Number of protein chains: 2
Amino acid sequence: MAVYTDITDSELEQFLLDFELGRALVFKGVAEGVENSNFMLETPAGRFFLTVYERRVDPADLPFFLGLLQWLGAHDFPSAIPVADREGRILKSIRDKPAALVTFLPGLSVRRPGVAHCRQAGEGLARLHHAANGYPGRRRNNLGHQAWLSLFEPLAHEADTLKPGLARTIFADIAMLARAWPVDLPEGVIHADFFPDNVFFTDGAFAGAIDFYFAAWDALAYDLAVALNAWCFEPDGSFNITAARALIAGYERRRPLNVAEKSALPLLAHGAAMRFFLTRLNDWRATPAGSLVKPHDPLEYERKLAVHRAGISLFDTAA
Amino acid sequence: MAVYTDITDSELEQFLLDFELGRALVFKGVAEGVENSNFMLETPAGRFFLTVYERRVDPADLPFFLGLLQWLGAHDFPSAIPVADREGRILKSIRDKPAALVTFLPGLSVRRPGVAHCRQAGEGLARLHHAANGYPGRRRNNLGHQAWLSLFEPLAHEADTLKPGLARTIFADIAMLARAWPVDLPEGVIHADFFPDNVFFTDGAFAGAIDFYFAAWDALAYDLAVALNAWCFEPDGSFNITAARALIAGYERRRPLNVAEKSALPLLAHGAAMRFFLTRLNDWRATPAGSLVKPHDPLEYERKLAVHRAGISLFDTAA
């Protein structure tokens with residue numbers, strides 16, 4: 001969310017010599033994205049976004065992510081498209097850090113999505129799943145359900161500090177999820193972080209998605225489950241079933257769910273809440289007291305876990 | 001230098017209802033400016049910059065600053081021009097903080113200006129002085145030479161902590177500057193913070209200036225003196241006389257200095273170094289140890305003071 005790497009005008013000039021884009025007219029650090037440094041760049045050739053990859057993104061995964069963005073761009077999905085240098089390279093480096101230049105994706109993210117946004121977002125997610133179909137890259141979802149137990153074990157004490165008795169509940173959840181996790185759902189490339197801040201709108205219509213740095217091969221319906229948690233809870237912690245149905249209906253406009261996916265969706269959403277609870281708990285623990293960088297509150301996802309534990313019903317019983 | 005105020009899409013939508021600019025297409029927090037929050041905004045009407053004024057800028061001064069930007073825009077000086085709302089207001093508020101929308105000024109600032117940049121910057125500063133001529137607003141330079149003694153008194157102990165014996169030297173400097181300060185130099189509106197990060201270039205040519213939040217009524221040559229300190233010192237602390245002469249020559253292309261200004265310039269530069277030494281020393285003291293926000297090093301300006309104390313010669317002796 002902040003500019004970590006500071007790029008000088010001469011470093012930028014040097015970097016741009018590799019490209020056929022002309023000289024920089026505008027270059028500004030932008031507060032956007034996961035934990036990378038992002039810059040808006042304008043040259044006579046157009047507008048671009050320069051990302052310098054800092055922590056958290058494994059450089060070995062970058063060819064998968066950048067290749068995916070290129071693939072999506074070529075398959076009619078609105079996202080930032082990597083720009084190749086004169087020698088055809090899209091993975092570059094700046095200040096000895098991996099970096100990439102992508103096209104500028106216009107649009108606005110919404111802070112508090114309404115039902116209409118949810119419908120648009122669902123449809124956008126299905127468009128993404130269709131567009132990614134056929135992408136030859138593979139990346140295992142290293143934050144998927146197989147990882148949760150080993151992620152939680154070193155954090156159990158932290159969970160009890162947050163809320164006495166919580167560790168026991170989480171262990172029980174993880175065991176239940178492992179037992180019940182469906183194995184035969186349609187798979188493909190998922191975004192895996194399809195949150196409102198990663199989705200752009202123009203005049204209320206879906207305009208694209210950014211931040212593919214958790215993308216991986218997994219069940220497509222799990223991506224929808226991540227989005228249900230991210231888009232369909234009210235600030236008071238209650239689950240907005242109207243928003244959820246709109247999200248699913250938007251998704252099904254482009255990609256109807258099969259019976260197995262529909263019946264798995266509440267469980268997948270329970271699991272998706274676990275994944276974000278675990279990484280937030282980890283970030284929470286890793287952040288020194290009094291730090292200016294405030295991590296997301298893990299309790300937000302602890303409350304979502306509780307909602308899923310109680311059970312949500314997503315479809316009319318007649319369906 | 002960072003985004004402090006976080007503006008939601010619905011707050012922005014609300015804000016834009018006052019204007020005739022259409023709806024937001026792009027809105028991004030930008031790492032730029034003094035201690036304000038800055039956002040890049042794009043609507044069908046064009047590109048804009050939204051500034052939310054945080055600390056340090058006195059709201060009572062904003063009509064002077066914004067009026068100056070309007071005046072400069074109407075007098076052919078490239079700067080960000082305030083955009084009036086439907087009722088003609090340019091000083092707005094957002095989240096109960098003062099805010100203003102200005103046009104987007106393209107260009108790049110340079111980190112390490114060369115001699116050619118100095119010449120361009122000098123000419124740009126003279127253009128600014130000409131363009132500001134006639135602006136009816138008045139603001140006293142509250143960081144001018146009359147203020148230095150009272151600024152320094154509470155910081156004397158801090159100066160000695162930085163470098164033993166420094167307080168005594170600074171007191172002597174301030175006394176000398178007070179005695180020798182010229183009183184009859186041509187005055188006008190000065191930028192007062194004409195540093196490389198506040199000056200934009202396009203393809204090496206002066207493209208405008210930003211951050212007028214120290215602008216005030218003072219001796220015009222004092223503005224040039226501030227720029228000499230900011231543009232013409234090497235990273236090793238030495239004064240680059242070639243760069244300085246280029247800056248002055250560029251300035252004089254548009255506004256020749258009179259004899260009194262020329263002979264006062266070294267003293268004005270000594271004073272300008274004092275002004276930035278004092279505010280940096282103050283910021284240094286005010287920043288808690290271990291803070292993530294790193295203030296500018298006051299010793300950079302302590303070294304510039306030493307150079308001026310030894311005496312610099314800016315013009316050929318024949319001049």
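**From values to words**

Mentor: Let us start with B:A192, which is buried, having 21 other C-beta atoms within 10 Å. This is a predicted model, in which local features need pLDDT of at least 70, side-chain atom pairs count only at pLDDT 80 or more, and totals for chains, interfaces and linings use all residues. Residues are numbered from 1 along each chain as its sequence is written, while chains are lettered from A and ligands numbered from 1 in the order in which they are written.

Trainee: Why is B:A192 called buried?

Mentor: A residue is buried if 20 or more other C-beta atoms lie within 10 Å of its own, exposed if 12 or fewer, and partly exposed in between, with C-beta atoms placed from the backbone. B:A192 has 21, so it is buried. It sits in the loop between β6 (187-190) and β7 (199-202) of chain B, and its phi is positive, near 75 degrees, though it is not a glycine.

Trainee: What makes A:D203 exposed or buried?

Mentor: Its count is 12 other C-beta atoms within 10 Å, so A:D203 is exposed. A:D203 belongs to the loop between β7 (199-202) and β8 (205-209) of chain A, and has a positive phi of about 50 degrees without being a glycine. Most residues other than glycine have a negative phi.

Trainee: How do you know how α9(A) and α10(A) are oriented to each other?

Mentor: The axes of α9 (residues 259-286) and α10 (residues 298-310) of chain A cross at roughly 160 degrees and come within 8 Å. Axes are lines fitted to C-alpha atoms, for helices over the stretch in contact, and angles run from 0 to 180 degrees between N-to-C directions. Under 35 degrees counts as roughly parallel, over 145 as roughly antiparallel, 65 to 115 as roughly perpendicular and the rest as oblique. Therefore α9(A) and α10(A) are roughly antiparallel.

Trainee: Why is the pair α6(A) and α9(A) given another word, oblique?

Mentor: Helix α6 (residues 166-180) of chain A packs against α9(A) at about 135 degrees, with the axes 11 Å apart. That angle therefore makes α6(A) and α9(A) oblique to each other. In their contact, A:D173, A:I174, A:L177 and A:A180 of α6(A) meet A:L267, A:H270, A:G271 and A:M274 of α9(A).

Trainee: What makes the relation between chain A and chain B a two-fold axis?

Mentor: A rotation of 180 degrees, with 0.0 Å of shift along its axis, superposes chain A on chain B with an RMSD of 0.0 Å. That is the relation of a two-fold axis. In chain A, the C-alpha nearest the axis belongs to A:V30, at 2.3 Å.

Trainee: How do you know that the copies meet through the same surface?

Mentor: Of the interface residues of chain A, 96% are also interface residues in chain B, so the copies meet through the same surface. The contact involves 26 residues of chain A and 25 residues of chain B. β1(A) gives the most to the side of chain A that touches chain B, with five residues.

How values were computed:
Helix = DSSP H or I, 4+ residues; strand = E, 2+ residues; numbered from the N terminus. Contact = placed C-beta atoms within 7 Å. Least-squares fit on C-alpha atoms with pLDDT ≥ 70 in both.
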